[in-house]
Amino acid sequence: MQFHHHGYVSQDPKQAPAAGIGLNRPTELPDTMDVLIVGTGPAGMITAAQMSMFPDVHTRIIERRDHRLQLGQADGIQSRSNETFQAFRFATEIIEEAYHLTEMAFWNQDPENPGNIIRGARPIDDEHGISEFPHTIVNQARVLDYFARFMKWSPSRMTPDYGWEFLSLRISEDPADAEYPVFVELKRITEGEGEYTRTVRTKHVVGSDGARSRVRDSIDRKLEGKQANHAWGVMDVLVDSDFPDIRTKCAIHSRSGSILHIPREGGYLSRMYIDLGEVPADDNHKVRSTPLETVIQKANDILHPYFLDVKDVAWHSVYEVGHRLVDGFDDLPADAPEDAVPRIFLTGDACHTHSAKAGQGMNVSMQDGFNIGWKLGQVLSGVAPTSLLRTYHGERHPAAAALIAFDKEWSTLMATPVDQLEDPEAVEKFYVEAEEFAAGFLTQYSDNIITAGTEHQDLATGYPVGRRFKSHPAMRRCDAVATHIGHEHVADGRWRIYAFADQPAPAEQSRLREWAEWMDQDPESPLNRFTPTEGDRNARFDIKAIYQQHYHDFELFDAPELFFPRVGPFQLQNWENVWSSLKEDDYFEARGISRDGAIIVVRPDQHVAAVLPLDDTAALAEFFAQNLLEPAQVATTAN
């Protein structure tokens, strides 16, 4: 990461200088704000963390509890989430404390002794090398802690407002209320204080308040779908056991039922999802009162001939599998005028629910929050038009629908006895074949104002438009550091433009040089149209060059001036934007980049927005003209 360009920094450099609302942030919840986020779960906290990087936007996040979460129910961290954590500057720390899933063991009935289970296949967790980031397990509370630190150290100095319960909202049509049209009724619930209600006003509300969302109810949205009549007990436990794979993720099928076993961080804790069987249609949730002792005995029956002696239970629950999806992720009706602005957004469990066994809930919810966070930040900062907000439902609703379809198949397979499956290896095959989807890498956004068409996809076959930018190692020319170029992408709300060169760096007539001169000098280029005249040259765009030849074969300043923007009050040159492909691991070959060069545009949420030829500057200018606004004369500083 870069720092010192605003002057010497002696403290943790992850703590950015305060700016905007962070210079005088109200301690108490104010009467008006730009955005109110309801709920400090993963979806709400990543939204708040992203918005904390827009200090000119006053964002607050409220929580009914009067303290931080101490024990969360979610724990699976897919590779895409760890990749996202890298953008929020805490991937290394959380990966270090997490449990790493490296393989999965499949246990089935012993053919020679059906009353026992026997180990079968043990596929590795990432057979296809889909990510440099691991699949990990760590308690949800720790994820929230890291997001809270990012918010607190951001320019806006954001912290959650605990002890506030959301009651209801209404949107005023009165022109006198146009600046803050959303009226939100809240109740104060804090130990030692008397309860009271108050009304605050805001421009937008993000409902991240779970499956029983009151925000969702307030805009008359409904979760629709089916409740499967199958119950599961889940428990986080410390155990004594002779089961040999107690520290390995396992899918266990016996004639007594099924278990999904997931070791937890710390070396001793385990999570178990225990199959409690079919539930009568008229059960009315009575199964949820199943005693813990019954769940433990069921686990022992499934694990036979091994024993499970539970010494301590950190948390447990009983639930029925449900798959539900809300019809709209915002408050706009389907027939809303094209210029209508959504005011209310739903994220996470407030708009999609499913089983916990696929380890998807927290992961997909965080991508909801990442998606809406940068969009609200840009619109309310005056960087982007309000039409940007209408892309949220169009992108995240299909992603949630795909998740629910995936989870239905996985949870059905886990609940089906092996002797009833057409293929006894069906569970294992599905797990391996669905690996890339489960890891979070198959989400692909369709053509809209921030995702271009695929007519030039052949220039970069490894970067499908709409999918997340899959990083690759390269050599940073200024200091000969080989690292993943995508790891430089910080959740700061900026667009990334990667310019892959067609010719060696000193070439005077290369397409890259011509492109760079246009981007740097033409008044109609995106850089000149949309960058504030005051502040840093890279305030809106982080632009990097990647050359084909070895870094010893050219000098740093052989690259065009575009790649050395001046930043900070001392107007120092940023030298870290010139990169070279590695001889032993050629970037162009690995990601299918044309030797004629290419431009890869990446959105603030790490998804590929466009693949374009170096010489089609008109297409690049047209792309940004539809999703950015020319700035007012205000100072803006990129971090």
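This is a short chat about one predicted model.

Visitor: What kind of model is this, and how are residues numbered?
Guide: The model is predicted, so local features need pLDDT of at least 70, side-chain atom pairs count only at pLDDT 80 or more, and totals for chains, interfaces and linings use all residues. Residues are numbered from 1 along each chain as its sequence is written, and side-chain values use heavy atoms, with hydrogens and water left out.

Visitor: Which feature does UniProt place at residues 443-630?
Guide: The unreviewed UniProt entry gives "domain: Phenol hydroxylase-like C-terminal dimerisation" there. UniProt positions follow the numbering used here, feature names are shortened, and annotations may be inferred rather than shown by experiment.

Visitor: How much of that span is helix and strand?
Guide: Residues 443-630 are 15% helix and 20% strand. Helices (H or I, at least four residues) and strands (E, at least two) are DSSP runs, numbered from the N terminus. The end C-alpha atoms of the span lie 31 Å apart.

Visitor: Okay, sheets. What is the order of the 7 strands in the open sheet?
Guide: The order is S20-S19-S25-S22-S21-S26-S27, with mixed pairing. Two strands pair if DSSP finds at least two bridges between them.

Visitor: Which strands stand at the edges?
Guide: Strand S20 (481-484) and strand S27 (608-612) do. Each has a single partner strand, so one side of each is left without a neighbour in the sheet.

Visitor: How do S21 and S26 run?
Guide: They run antiparallel, joined by 5 bridges. Arg496 stands opposite Val602 in S26.

Visitor: And the sheet with 3 strands, what is its order?
Guide: That open sheet runs S3-S7-S4, and its pairing is antiparallel. Strand S3 (76-77) and strand S4 (99-101) are the edges. S4 and strand S7 (residues 135-137) share 3 bridges. His100 stands opposite Thr136 in S7.

Visitor: New topic. How many cavities of 30 Å³ or more are there?
Guide: The structure holds 3 of them. On a 1 Å grid over the protein atoms alone, a cavity is a set of points where a 1.4 Å probe fits but cannot get out; lining residues have an atom within 4 Å of a point. Grid points are joined across faces, edges and corners, and a volume is the space filled by probe spheres set on the points.

Visitor: What lines the largest cavity?
Guide: It has about 220 Å³ of space. There are 19 lining residues, and Val364, Gln367, Arg396, Gly440 and Thr443 lie nearest its centre. Helix H7 (361-380) and helix H8 (391-415) are among the helices that each supply at least two lining residues.

Visitor: How many aromatic pairs are there?
Guide: The structure holds 25. Rings of Phe, Tyr and Trp (its six-membered ring) pair if their centres lie within 6.5 Å; planes under 30 degrees apart count as stacked, over 60 as edge-to-face and the rest as tilted. One of the pairs is Phe557 with Trp575, edge-to-face, at 5.6 Å centre to centre and 85° between the planes.

Visitor: Which parts does that pair tie together?
Guide: Phe557 lies in the loop between strand S22 (541-547) and strand S23 (566-567), and Trp575 in the loop between strand S24 (572-573) and strand S25 (578-580), so the pair ties together parts 18 residues apart in sequence.

Visitor: Last one. Is the peptide bond from His304 to Pro305 cis or trans?
Guide: That bond is cis, with omega near 20°. Pro305 lies in the loop between helix H6 (292-303) and strand S16 (308-326).

Technical notes
On a 1 Å grid over the protein atoms alone, a cavity is a set of points where a 1.4 Å probe fits but cannot get out, and a pocket is an open set with protein on both sides within 12 Å along at least five of seven lines; lining residues have an atom within 4 Å of a point.
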